Amino acid sequence: MRTSVSEPESPDLTDKSGVVDKSDLVTIPNEDLVQLLSPEGVRSDQPDYDSWIEDITSDRLVSLYEDMVIVRRIDVEATALQRQGELALWAPLLGQEAAQIGSARALRKDDFAFSSYRENAVAYCRGVKLVDLLRVWRGTANSGWNPYEIGMATPAVIIGAQTLHATGYAIACKKDGVDSVAIAYFGDGATSQGDPNEAMIFAASFNAPVIFFCQNNQWAISEPVGLQAVRSIADRAPGFGVPSMRVDGNDILAVTAATRIALDRARSGGGPTFIEAVTYRMGPHTTSDDPSRYEDRAEHEEWAMKDPILRVERYLETEGALTPEVRAAIAAKSDAVAAEFRSACVELENPEPLSVFDNIYAEPHTGLDRQKRDYAAYLSYIEGETR
Amino acid sequence: MSELTLSKAIGAGLRRSLEENDHVLLMGEDIGALGGVFRVTDGLKNDFGPERVMDTPLAEAGIVGTAIGMAFRGYRPVVEIQFDGFIYPAFDQIVAQLAKLHARTGGKVRVPLTIRVPYGGGIGAVEHHSESPEAYFAHTAGLRVVTCSNPQDAYSMIRQAIDSDDPVIFFEPKRRYWVKGEVDLDAVPLPLGKARVALEGTDVTLVAYGPLVATALDAAAAAVDDGLSIEVIDLRSLSPIDFDTVEASVRKTGRLVITHEAAQSGGLGAEIAASITDRCFFSLEAAPARVTGFDIPYPPSRLEEHFLPDLDRILDAVDRVMGRENSLTPWGAS
Ligand SMILES: Cc1ncc(C[n+]2csc(CCOP(=O)(O)OP(=O)(O)O)c2C)c(N)n1
């Protein structure tokens, strides 16, 4: 746990150009990265963390494995639906399954998540209906679900905005005397925005029960993380008075342990925690993106070896927990989810035209009422004309 | 002369400005290797290097704020805001700093910044990617606000914006990025603040800008079948507005329709209607009409046709100012 800032491996920023290019960047040392399950599927002992995941037996791990497999399947299906013109866009989370599921499964029902657009696995764990994952990307609604039903706000597209909302929610939980926790999900790119930095200040000042969960997937569209941070992102939080942890984001056990530590601190009055889950965006930024313009293939291949699902599979195999029956059951379930996801998508109808005027205000608004009336008249007039 | 898309024309303008003035530099998110999400800056980092084509950290306030600092030392930064809806984190730097610095310092500090903003709807995008925030900036003293509708203007106007010693908000009609046209790289352009008569006509003046100029021209072509002659004005500059050109047209036609994608209330249509009514009240045969986006957040993309002014809605307003039957006739508006 970092509570103070260690001496940086300081990069040479006495720079010729004023520009940080990836080649100039220091490699952030990895020895402080918490990892409990190696890419090869070998479990290592880490006394500080092990006690937090004692209850995760092979059975329980199979269930987390199943979540990851299903969510990856959803991603594949969504990408196909976009290619077929059924979705306008999709932001895949490929490679980030452990970071999202490990953290989201650690939450309680009364906790509340505030995310960005890539956290479909978090929404899945919160119990979202499949159809509700699709509305925004099919273009039939500006958000998918009722936040109060699943304990998760609808995603923020404006980078970083949700971190302040999570902090405010946490401050309110504390005021209400409940031990619910708010968790904010955001990317490495988001850490450059003002909002997440202000959120850490507010969280520290008010000792808010909030978790800042940063998925450092190494990219913000085409920009490598080194452009946002010349030291590890987790190093930043202690300066704000927010303790931080840096975990292998592709290790679901490490992510679970870290999130539970942070939850426990928050519930017991210890305030905010920052978790940097180090992972990799294995897909494009969105289905509109073309990573071949900027991504280093060798780096991509290196990360493919660290796949979050594969390592659990290897571990469970050595434990003898992935029997053919278990595998078949998981395959059947993910087929069923994919089929339901697809049909929910193609059956999603366009809303009524006049619904564009709905819910703009909580109370009647005379100006808007008039525009709606005029447009209704226009639509029937046009219909009459073409009849 | 060469045939270019609107986006390539802006890229060509940026390239020329980078070549001609070593104090011009570009800043923005993903403008380097990626060439911007719309590829407007494609190839420029390669050719001018990362010192002049700077991928920045992901922070709009940071980009504009540091660009202001660079302008203090004589640079002419051209900032790209990735999409219209992402300009708001920089709002304070633009409105409270950029716009006011020259006045605040009694003219001692010039801030020749250009802020490029792909704007407007019609591309089927998710929330925050289809907005038309021009009125906020046109409302702010100290900023020049312009938008182009065709490749030639795109090329010339981006260069004029960069040359201007004032800050310029340069709105790029993103749904027209792929429109092609002839571009004369050495054409003598209209002054940046001037409007252009895009089509001459005698019955109605139709004022449009940016993405809706093409729609307005389509409407004018369709109106010919109804025996109507529409004069289309491409406003080009939203601050200042070239009221002289609009006034001259309205004195001729006696009728004014204004169209923009932005919401109606407090929008540029209101400003134009009021100013023209003021200038040539006795030439007007009918109250000016506005065809705009509604006063609502931009709707989900499957409903954007119910937000965006189109040919039919424009012609309905034309019928209204002509005193013909129209959608509001039952309420006695004609
Ligand atoms: C305020 C704002 N600026 C720019 C964008 C455009 N944009 C969308 S995603 C993105 C990169 C975000 O990177 P990161 O925070 O690392 O999250 P990731 O996409 O990698 O999950 C950018 C620049 C935006 N959505 N909001």
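## Chain A: fold and surface

Among contacts in chain A between residues at least 6 apart in sequence, 76% link residues at least 24 apart; contact means heavy atoms within 4.5 Å. The model is predicted: local features need pLDDT of at least 70, side-chain atom pairs count only at pLDDT 80 or more, and totals for chains, interfaces and linings use all residues. Residues are numbered from 1 along each chain as its sequence is written, chains are lettered from A and ligands numbered from 1 in the order in which they are written, and side-chain values use heavy atoms, with hydrogens and water left out.

Chain A holds 13 helices and seven strands. Helices (H or I, at least four residues) and strands (E, at least two) are DSSP runs, numbered from the N terminus. The radius of gyration of chain A is 22 Å, close to the 21 Å that the globule rule gives for 387 residues, so chain A is as compact as a globular protein of that length. That radius is taken over C-alpha atoms, and the rule is 2.2 Å times the number of residues to the power 0.38. The C-alpha trace of chain A spans about 75 × 50 × 50 Å along its principal axes.

Of the 387 residues in chain A, 55% count as buried. Buried means under 20% relative accessible area, exposed over 50%, and partly exposed in between (1.4 Å probe, protein chains only). Chain A exposes about 16,500 Å², with 51% supplied by carbon and sulfur atoms. Accessible areas come from the Shrake-Rupley method with a 1.4 Å probe; for residues, only the protein chains shown count as cover. Chain A carries 37 positive and 60 negative charges, and their mean positions are 3 Å apart. Lys and Arg count as positive and Asp and Glu as negative, while His and the chain ends are not counted. Each charge is placed at NZ of Lys, CZ of Arg, CG of Asp or CD of Glu.

## Chain B: fold and surface

Chain B has eleven helices and 14 strands. Its radius of gyration is 20 Å, close to the 20 Å from the globule rule for 334 residues, so chain B is as compact as a globular protein of that length. The C-alpha trace of chain B spans about 60 × 40 × 40 Å along its principal axes.

Buried residues make up 60% of the 334 in chain B. For contacts in chain B with a separation of 6 or more, 81% involve residues 24 or more positions apart. The mean positions of the 31 positive and 47 negative charges in chain B are 5 Å apart.

## The A–B interface

Chain A gives 49 residues to the contact, and chain B gives 49 residues. The area buried between chain A and chain B is about 4,000 Å², and carbon and sulfur atoms give 60% of it. Buried area is the accessible area (1.4 Å probe) that two parts lose on being put together, summed over both. Asn142(A), Arg293(A) and Tyr381(A) supply 16% of the area that chain A buries against chain B, more than any other three residues.

Thr56(B) also touches chain A. It sits in the loop between β3 (53-55) and α3 (60-72) of chain B. Thr56(B) is buried, with a relative accessible area of 5%. Not counting residues up to four places away in sequence, Thr56(B) touches Glu223(A) and Leu227(A), as well as Met27(B), Gly28(B), Glu29(B) and Ile63(B).

## A loop residue in chain A

Asp179(A) lies in the loop between α7 (161-176) and β2 (182-187) of chain A. Asp179(A) is partly exposed, at 35% relative accessible area. Leaving out residues up to four places away in sequence, Asp179(A) touches Arg108(A), Asp110(A) and Arg267(A). Asp179(A) and Asp335(A) are 156 residues apart along the chain, and their C-alpha atoms are separated by 38 Å.

## Backbone exceptions

Most residues other than glycine have a negative phi, and most peptide bonds are trans. Ile221(A) has a positive phi near 50 degrees. Ile221(A) lies in the loop between β4 (219-220) and β5 (223-224) of chain A. At 12% relative accessibility, Ile221(A) counts as buried.

Arg39(B) also has a positive phi, about 65 degrees. Its place is the loop between β2 (24-28) and α2 (44-48) of chain B. Arg39(B) is partly exposed, with a relative accessible area of 22%. Ser239(B) and Pro240(B) are joined by a cis peptide bond, with omega about 0 degrees. Pro240(B) is in the loop between β12 (237-239) and α9 (243-253) of chain B.
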